[in-house]
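Please walk me through this structure. I am new to it and would like a plain account in short steps.

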Amino acid sequence: MKCLTLFLLLFACCFKVLSQDVEQLVKAKPFTINGTMGLGLGTYSVNGIPARQRDFSYIFNGAPTLSIYGVSFPFSVVVSDQQRSYTQPFNQYGISPTYKWITFHAGWQSLEFSPFTLAGHNFLGGGIELNPGKLRFGFIYGRFNKAIEEDLNQPLALAQQAAYKRTGYSTKLGWGTERNHVDVIFLNAKDQVNSLSNTPISTALSPAENMVLGISSKFSFLKHFVFDMDVSGSIYTRNVLSDTVKNLKLDKIGFIKDLITLNASTQLLTAAQTSIGYQAANYNVRLKYRRVDPDYKSMGAYYFETDVQNYTVEGTLRLIKGQLQLGGSFGVQNDNILHDKSVRSNRKIGAANVSFNKPEYGVDLRYTNFGITQDRGLNPIIDMFRVARTNHNLSAMLHYNINDESISHGFVLVGNLQSLVDLNEITKPNSKSNSKMANLSYQFGLPKKAFGVNANLSYTVAEVTFGKTIFYGPTLGLSQAVDKGNLGLNASVSYQLQRNNDIDAGNIFNINFNSSYRLGKRNAANLSLNYLKSNSKDVTLPSFNEFRSNLGLTHSF
């Protein structure tokens, strides 16, 4: 009865909105279409090494938007040869028409209801989102994975991984606005046992099933405070064909057995994150906490960092009318949150940055520190195997500009230092890792003539336990716009030398050319050419040269 009442209320709201907008719909254009489409063609040739891509490649993409009496129907189309020849070309089509507070989804879609439930997994299906006033409702259903048969005739590196057909649905019901809301999200997905003709034998693949319940919320209060929270619980059955658990009693929550298969392979895992922040005119502070159980999974997402617990504090201070900014963060992280590992790893992550910028000049400094240590878990740690390391990283950028209407000069100096410090005296001799980098660039421009020159010199040193490598060399580039800016031309040449343990290891010569031309208001073309020649004096590395070309055409309508 409650569901019927809710449906009637929604229908009444829809009817009222449509009735009010009848006159506007009549006045609107009945049919319009606009968007872009493009075609890209590429060639490739190489001598001295195996080919790193195909001799010829193509890609066609389009993003048309169809409007019928003010209702928008955006489409997306991509057809390319990027997949291997053993499979069909990559084709995906999706549509998400919107009218007022109603959005429909059809075809290939990627949506996010919350970070730990439906979180960007591609699916082929349909759905609807309703946002009348403060109501926040969403529902999707579709295929999350297609069935892929095992092919024992293909080499393991080239064969597609076998997979069961996976279908599922997710729904969201909430109340509020983007600034203040509470959403409840539910997801249920399952592999189809009969979707494969033969059971895979080369992999440990088994049909799985998943049910996730989550709560996502955000609140702003007392003008400056913002609080958000995401909590989820996932029941994941790794193999629906496993032995069932006899005499399983769930009492008042026994209805769960009607929603998901429960057996010896079923796991109940949780994930949560929350933060509270204070935002003022010239500064802000935020505290964050995140905890994800080991092996937490959701069939609505691709990947999670699991078995992790984080505490983080971060803040920013703005002074001198925003020209001076001070910021930083510090966090601690640990694994073994269920206390079932032999050791526990503890990490400390800190960062600090200072920037002062004016239109003519500025400086940016940033320092990060990443440290990891280990404590005993179920077992004590032997000192020779104990991990205790700190990674320091310092970067700086200075820039100075001289600009007027007829000429411009720009100088930029960038530097970076990275060092790994091993605190374990036993492993220290074999874990050395340091690097230094400096880059000085100069840009010269004639704005009225749309002409520019840029030059830079780079120097990089990488030191590890077994040796030292140095890369250094110049780069020179030119740019010119002609025909009232319709034609743009860019070219660059670089020459990089390499030394290994103070011995000449060769050089790399690289030439790039790019051009773009606007053919009227709706059409454009671009062409890029690249030639690379590697002269190696290291017997372990071959000398080679390769050439790439790409032609692109775009049309707006």
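Predicted model: local features only at pLDDT ≥ 70, side-chain atom pairs only at ≥ 80, totals over all residues.

Residues are numbered from 1 along each chain as its sequence is written, and side-chain values use heavy atoms, with hydrogens and water left out.

Start with the chain as a whole. It has two helices and 27 strands. Helices (H or I, at least four residues) and strands (E, at least two) are DSSP runs, numbered from the N terminus. Of the 557 residues in the chain, 30% are buried. Buried means under 20% relative accessible area, exposed means over 50%, and partly exposed lies in between (1.4 Å probe, protein chains only). The chain exposes about 33600 Å², and carbon and sulfur atoms supply 61% of that area. Accessible areas come from the Shrake-Rupley method with a 1.4 Å probe; for residues, only the protein chains shown count as cover. Now take contacts, meaning heavy atoms within 4.5 Å. Among contacts in the chain with a separation of 6 or more, 53% join residues 24 or more positions apart.

Next, the interior. In soluble globular proteins, nonpolar side chains tend to be buried together. A nonpolar core here is a set of buried Ala, Val, Leu, Ile, Met, Phe, Trp, Tyr and Cys residues joined through side-chain atoms within 4.5 Å. The largest one has 22 residues. Phe 116, Leu 118, Ile 140, Val 292 and Tyr 296 have the most contacts inside it. Strands E7 (119-130), E8 (135-145), E10 (181-191) and E13 (266-279) each give two or more residues to this core. E10 supplies the largest share, three residues. A second, separate core has six residues, including Met 211, Ile 235, Ile 256 and Ile 260.

What does Val 292 contact, leaving aside its neighbours within four places in sequence? The list is Phe 116, Thr 270, Ala 271, Glu 305, Thr 306, Asp 307, Val 308 and Ile 337. Asp 307 lies in the loop between E14 and strand E15 (308-319). Asp 307 is buried, at 8% relative accessible area. Its phi is positive, about 50°, although Asp 307 is not a glycine. Asp 483 also has a positive phi, about 55°, and is not a glycine. Asp 483 sits in the loop between strand E23 (467-482) and strand E24 (487-500). At 42% relative accessibility, Asp 483 is partly exposed.

Turn to the rings. A pair of aromatic rings is described by the distance of the centres and the angle of the planes. Rings of Phe, Tyr and Trp (its six-membered ring) pair if their centres lie within 6.5 Å; planes under 30 degrees apart count as stacked, over 60 as edge-to-face and the rest as tilted. The whole structure has 13 aromatic pairs. Phe 356 and Tyr 361 form a tilted one, 6.5 Å centre to centre with 40° between the planes. Elsewhere, ring pairs link Phe 221, Phe 225, Tyr 278 and Tyr 283 into a cluster.

Charged pairs come next. A salt bridge is a side-chain nitrogen of Lys or Arg within 4 Å of a carboxyl oxygen of Asp or Glu. The search finds 12 of them in the whole structure. Asp 228 and Arg 286 form one, at 3.4 Å from N to O. Asp 228 lies in strand E12 (residues 225-237) and Arg 286 in strand E14 (residues 283-292), so the pair ties together parts that are 58 residues apart in sequence. Asp 228 is buried, at 17% relative accessibility, whereas Arg 286 is partly exposed, at 32%. Arg 548 and Glu 546 form another salt bridge, with their closest N and O atoms 3.1 Å apart. Glu 546 is buried, at 2% relative accessibility. Shared partners join Arg 52, Glu 546 and Arg 548 into one network of salt bridges.

Last, look at Phe 31, in strand E1 (residues 31-47). Phe 31 is exposed, at 53% relative accessible area. Not counting residues up to four places away in sequence, Phe 31 touches Leu 66, Ser 67 and Ile 68. Phe 31 and Leu 66 are 35 residues apart in sequence and 7.5 Å apart in space, C-alpha to C-alpha.
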